[in-house]
Amino acid sequence: MLLLVSLVTFCFSTLVAQQSVTGKVLDDKGAPVVGASVVQKNNRKNGTSTDASGSFTLSVPSSGTVLVISSVGFAASEVAASDASKVTLAASAETISEVVVTSLGIKREKKALGYAVATVDKKQLELRPDGDPMRLLQGKAPGVNILNTSGISGSGTNITIRGVSTISGNSQPLFVVDGVPFDGSTNAQAGFLYGNQTGSRFFDIDPNNIESVSVLKGLSATTQYGSLGRNGVVLITTKNGAVSRGQRKKTEITVSQSVFSNDVANLPVYTEKYGNGFNNAVGNFFSNWASIAFTDPPMRLPHPYDRAALRGAFPELVGAKYDYKFYPSVKNFFRTGVVSNTGININGGGPGLAMNANFSTLTDKGFTPENDVVRHTFGVGGNAKLTNNFTLTSSLNFTTTKFNTPPTASSTGSGSDNGVSVFGDLIYTPTSVDMVNWPYQNPADGSSVYYRSGNDITHPRWTIANSRVKQNTNRAFGNVQLRYDFSKSLNFVYKIGFDNYGEEHIHQHNKGAAEFPLGFYRTTYVNRAIWDHSMLASYNTQITDDVTLNVEAGANAYINNYKQFGQYSSQQLVFNLFDHSNFITQNKTGDSGDDLDYRVEQMLLGAFGFASIGYKDYLYVNVGARSDWSSKFESANRNKVYPNVTASFIPTAAVDALRSSKVVNYLKMRLGYSTSASFGDAYQTRAILGIQANRFVTAGGTVVNSNTLGGRRPNPTLRPELSKETEFGIEGRLFNNRVNLDLTLYRRVNPDQILDKDLDPASGYTVQSINAATVENKGIELGLGYTIIRNKKFNWDINTNFTLNRNKAYDFPAEIQQIGLAGYSDLGLFAFPNKPLGMIYGSKVLRDPNKGNQPVVGPDGNYLVDPTLGILGDSNPDFQLTGITSFSYKSFSFRMQWDYSRGGDMFAMTPLILLSRGVTKDTEIDRQQMWVIPGVNQAGEPNTVQIAVADVFFTNRLVSADEFGVWDATVIRLREASLSYAIPANFLKDSPFGSASLTLSGQNLWYKAPSFPKYNNFDPETATLGVSSYARGFELMTAPSSRRFGASLRLTF
Amino acid sequence: MYKNKLILVAVAASLLTLSSCKKRLDDMLANPNVPTLDKADTDLYLNAAQLSFASFFNSLSDRGMEMSRLWNMGGSIYLNAFRPETFNGVWGNAYRNVVTQINAMEPLARAQNRFFHLGIGQVMKAYTGMALVDFFGDVPWSEAGNPANSVINPKIDKGQDVYANCLGLLDSALVNFAKNAASSPSSDLYYGGNKTRWITLAKTLKLKAYMTTRLVDASAGSKIAAVVAAGDIIDTEAEDFVFRFGTQLENPNSRHPKYNSCYRASGGVGTYIANYIAWEMVTEKGMIDPRTRYYFRRQITARNGQTSSGQFIIPLPALSCQGQLSPGHYPIGMVYCMTGDGYFGRDHGDPSGIPPDGQHRTAWGIYPAGGDFDALAINTGSASSVQASIVTLNGTPGARGAGIHPIWLSSYTNFLLAEAQLALGGSAATARTLLDAGVRQSITKVLNFPATMTVTPNPNFVPSTAAINQYVNVVLGAYDAASTNTAKLNVVMKEYHIASFGNGIEPYNNYRRTGLPLNMQPMLNPLPGPFIRSVWYPTDHVTLNLNARQKADNTVKVFWDNGSATCF
């Protein structure tokens, strides 16, 4: 067949040959362009490509014949055959992005793809203030939603692509580093109630080591990665993995150093008028509701430590007084952290061999005392062309990450829900409490001392000094790939990828605090090992002059083993010694009651085949299918086959009228329909027996053990989900390549969700994994760029990214009226039929339907709470918009990124607390006056009961219905700004440096969330729930956000 | 050739790998962290049910104590006092952890001839079912908690049907107890493996059921008479049905829940007692109830919260109602704000926030919580005294938490039989004897309690026999002075109320059945809405069970409540 095709081609070309033309194709620097396509314009079947020296020879009808010369990364050029002896191609506006790495290292021309790929190159990732590679992607790719869990250095990051399409499952994308899966998990050791600013494992990649990041968003792009890639794929090519064969480049050593300051970004503006008290009483309350203003000179009040329990510990304070005045306690509690990142990259090679190695070290000290993260990375990658047509490619990386933070459990008002939190009692510190200067530790026994007589809240500085969460990770990952080229058109690749890390989690807490007064020490050791074997055969051929064919077929085995071992000890003996033997009791269950020892093993096998047919250079059709077998389901249901088909059409190449258009320089339309499978969590199909050893000890000392029928109802018929997505897109460059457009419309339907259905415990079980309900996401992703000025000295670009996603869940079985997604059972994010996922659900004020739904006020003058819970808001934003502008003038360049997120509701405890406790300037109202809250009494008459100001804010907010904590989360933010200066090359001629540049940059420089109380300065970009599908829209006094500013220097030798 | 061989090797290797991998998929289906169901053990199932039964009793009892003024209830109107979610825990515990585990045990116990296990399971199930009906009304029962053939949406059964089924379970239990069991339970946390006691309990629970449903059962009198005639009911302290806690602080915390909330290392006492019960015992009779120092452990004493010079002894923020007049709707003499002598609790339905008063609140004492005996001298009026703070790092005061859940006591039987005499056409004189016995048994139980935990109370504050007799005489005097049977019953029910401290299920039932004691402390809010005749169905039931429907409000009566009793 092949022979026939080539024969035909040969015959055909001999028939038309008349005259031979020889030429050379060069780039703008005079270097030869290898592999450029040279075709006869009016007979595109007649063509050739340039050789290693950029030369070509082609037979054409006459010397006047027009040739079209094109190559990836260059603008196509048309010349007469007579002028073709030396053709210079100009670089096109799209350079590197023209070629996209798809799966298993296969490179594809972007125009052949039937789906959207957002690529972020190293320029947008290097020398940035944040060491977390995902946070740097914020706003840079439409459709990609990235949410910090907090400003704690090293804390986790949430990523969702094209909305959340699962109710109970995981929505994090797959990370693929240098062609093999890379674990990006957040191995939280306890739920949010216990604090989970756990670091995410993609933090192990230094953004400075990244060559490029491609985000594959739709199923069309990700089916090749199988069901693992159904939530999108973040494809990272490291500099070690980017070395390409036969690179003949001089050795280059790059050294970079960055230093940034790290400050708390969102401190409230505290009232300097009122202090600690409640209504007419001044004293040691939680709240700041004194109705008498500060005086000058200040009142002298008995020192709160002058109390019976502390007289022995602080004899100097017996009878002492303190000034009842404003103290800037919270501001002084924080510090300015310093972030330093040093990197060295060495790149070089010889004939048939290329190598890259790098080392980097990051030290990021947080604005919260005792929070820091230190990361060292080492890596080496290489590529060698061996004899016998073998090519060996490999990259190996080693990372150590040490993350330390004071604990940050969630809090619903004061202290913490269940764990320990340094923030639980910090942000609302009454303004007359001199927190920073009053001692925090009892010198006698090390216990916490604070202003409350009952010692019922822990001094935040005590927590800083005595309580810690640590996460130490050692990780090795990499791949070895052997490729054999049977011929130019057929090759076979075997690739093994590995990712193995040990992660040590420590949570330690000295005795003597209000929470866990006896102290505890929890250690867990996590081991994750991923092995990924792939085999791939690729065949590509030119069927006719016009028709090209690429076929790939292969198989993949993915094995992911997770193990953890832990111990939880409590009742510390000797203060400030953390060793399990220094604790009276030891346990194998953690603070949240979870088993600390467990393992999960899963395997996924896949086989796939894909074919891509190209017609001329303007029509491409891709078809393929993958079949996966998962270890999670019973054998009858473990397999799923899922096909896909996409097409792309380039009118600017197909239509003559457009080919030379100055208005429409490039236009591509693409359409795809794809499917993917999802297998949910392991161990859902079989009944288990719960074991509770040492559950109770009788007064006589007898240990009682028990076993229970597990609460999860087994479902042996559970089957995989099949997601379906239709995607349509337009890419274009208009007006002399000044306008860049990339528009995608998509609709993804995920029917038959594998979801955890909660059961009425009266059924005997509490939950069951079932196939039910549909989640639909549809949206618009738009990237629009405009080059305002483009000349040799001055360039000015504006790029905008627009993301709009509409989400809806439907087809619920009749018995499912709601599904709790995150938070508490009576306040949290929920799914309801025919509503978007992530509705905020909680308590409402009782309303009188006969009086126009006015709120009902009780006889004490306070709102009554409706015993039935209701929907309080929708946490999904309306849309997100990013604007990036970059100027460059000669050697200077300036870049600025603004992010705007519109709409979406949020339950936020921090502003609720700040208002309820009267600590910010927002509450500087007349506090002597009595107030009547609007509403009707139980008889339906207008409320006339007068209450004090503290009751208006405290009783009718914090201890009233949850609806008072819901705000619109719209926020506008200056995410990044940077100014760079690259020393001109001619200045460096006599120096050892190849290049040198200096960059000043800042992150999170300014933001405004207009619907929150003005002086709260609340930043809605936070996620108390940690890393999960549903993190947006729910805040429980979590850590503040960070603002960074600094400079970077980079030198190459 | 070389290339072809290479292809062959590659294809063969792929196929081999794939087929061996597919075999491994099967091995990975079972959860490696837990055993499979066939490893279940009858004893361990029974242990699970026994422990969950105790915590089921605790959570339901707490709500009952709150409604019947044995413990403080917040929420300014009855409609708001509890939310449906409040009952998720107790519901889950009842069905998942008690009923389902007992049902899961049953086939094993039968197969192994462990009839003693089976009987205990049936008794606990019967108690659970009736208590669920007492609080919620109609509940899932016939289709509930069946692991063998589980029904996702169990239907709701009528309360009377559940009661009938539970009485049947008690009869089956008696049959099983009579059989020769292959073995006794490895741990019997209630009666230490004494089968005779379980038999006595099963019979007593039938008596309790007949009495509870007497308003809607014309034959209640004869049924009760038959049980009494047959004898073998809980009428001595040795037969009391209690769950006894341990003293272990952690891993696992095995102490009484009230001990855990009161004897904390920081923050002080975590909950409030109800002013009403303190007032009943300290003030109402003009004498101190002999049980007072066992029930309550004060942290301060101050007569009416004031020193002799009229200074507030409790700092104002801790007790902002000090010095204020009683609300207009309170009857004359009714306690308001604080019972004298430092019994620091809260009024019924006080919705206020939590001021810094952890060092002042009165804690649960040694009975039934296993706490500290109150050895604080009575304030003479000259100055305040402060007892050592109960805040102790190691949580060791008193009986170190080895308290009990008084699920059924012999004193309850006596009060209940006294009610039968008065309400079902018996003899007032017999009722008087029963009342006498009930009060004395309760006092004996409480006063003997420290010794069972080898705690010796300060002898200066242990009531003398004369004091006990004096108390009993005051009670009997009031009984004799009461002219009608209802008034006499009011005396009985007040003593029952006091005696049931630690058990909220009985006084809540009693209140709805008799409307007694008559002088319950009103809600602080003058317009609190109607009393809670049954509690909300939990959210977990209403939102997850297709057959469930939330009640319109909390005036819905359970089947045995004919509305004859006035409750507020």
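This is a predicted model: local features need pLDDT of at least 70, side-chain atom pairs count only at pLDDT 80 or more; totals for chains, interfaces and linings use all residues.
# Reading a two-chain model

Q: Which residue takes a positive phi just after α8(B)?

A: Gly231(B) does, with a phi of about 75°. Helices (H or I, at least four residues) and strands (E, at least two) are DSSP runs, numbered from the N terminus.

Q: Which residues of helix α8 of chain B are buried?

A: The general idea comes first: an α-helix has 3.6 residues a turn, so residues three or four places apart point the same way. In α8, residues 220–230 of chain B, the buried residues are Ala220(B), Ile224(B) and Val227(B). Buried means under 20% relative accessible area, exposed over 50%, and partly exposed in between (1.4 Å probe, protein chains only).

Q: Why are these residues said to line one face of the helix?

A: Seen down the axis of α8(B), the buried residues fall within an arc of 60°, so they line one face; the arc is that of the directions from the helix axis to the C-beta atoms. On the other side of α8(B), Ala229(B) and Ala230(B) are exposed. The cover over the buried residues includes α7 (195–212) and α12 (410–423) of chain B.

Q: How many residues of each chain take part in the contact between chain A and chain B?

A: Here 87 residues of chain A are in contact with 90 residues of chain B, contact meaning heavy atoms within 4.5 Å.

Q: What area is buried between the two chains?

A: The size of an interface is often given as the accessible area lost when the parts come together. Between chain A and chain B the buried area is about 7,700 Å², with 62% of it given by carbon and sulfur atoms. Buried area is the accessible area (1.4 Å probe) that two parts lose on being put together, summed over both. In chain A, the residues that lose the most area to chain B are Leu689(A), Phe696(A) and Pro867(A), together 8% of what that side buries.

Q: Where do the salt bridges within a chain lie?

A: Over all chains, the structure holds 71 salt bridges. One of them joins Asp206(A) and Arg375(A), at 3.4 Å from N to O. This pair links distant parts of the chain, 169 residues apart: Asp206(A) is in the loop between β14 (180–182) and β15 (210–216) of chain A, and Arg375(A) is in strand β25 (residues 372–385) of chain A. Both Asp206(A) and Arg375(A) are buried.

In chain B, Asp289(B) and Arg291(B) form a salt bridge with closest N and O atoms 3.0 Å apart. Asp289(B) counts as buried at 2% relative accessibility, and Arg291(B) counts as buried at 0%.

Q: Is Glu776(A) buried or exposed, by relative accessibility?

A: Glu776(A) counts as buried, at 8% relative accessibility. Its side chain meets that of Lys778(A) in a salt bridge of 3.7 Å, N to O. Lys778(A) is partly exposed, with a relative accessible area of 41%.

Q: What does the side chain of Gln471(A) make a polar contact with?

A: A polar contact is a pair of N or O atoms within 3.5 Å; within protein, one must be able to donate a hydrogen and the other to accept it, and residues adjacent in sequence count only if both atoms are side-chain atoms. The side chain of Gln471(A) makes such a contact with the side chain of Glu503(A), at 2.8 Å. A polar atom of the Gln471(A) side chain also lies 2.9 Å from the backbone nitrogen of Gly199(A). Gln471(A) lies in strand β27 (residues 467–485) of chain A and, at 4% relative accessibility, counts as buried.

Terms used:
Residues are numbered from 1 along each chain as its sequence is written. Chains are lettered from A and ligands numbered from 1 in the order in which they are written. Side-chain values use heavy atoms; hydrogens and water are left out. A salt bridge is a side-chain nitrogen of Lys or Arg within 4 Å of a carboxyl oxygen of Asp or Glu.
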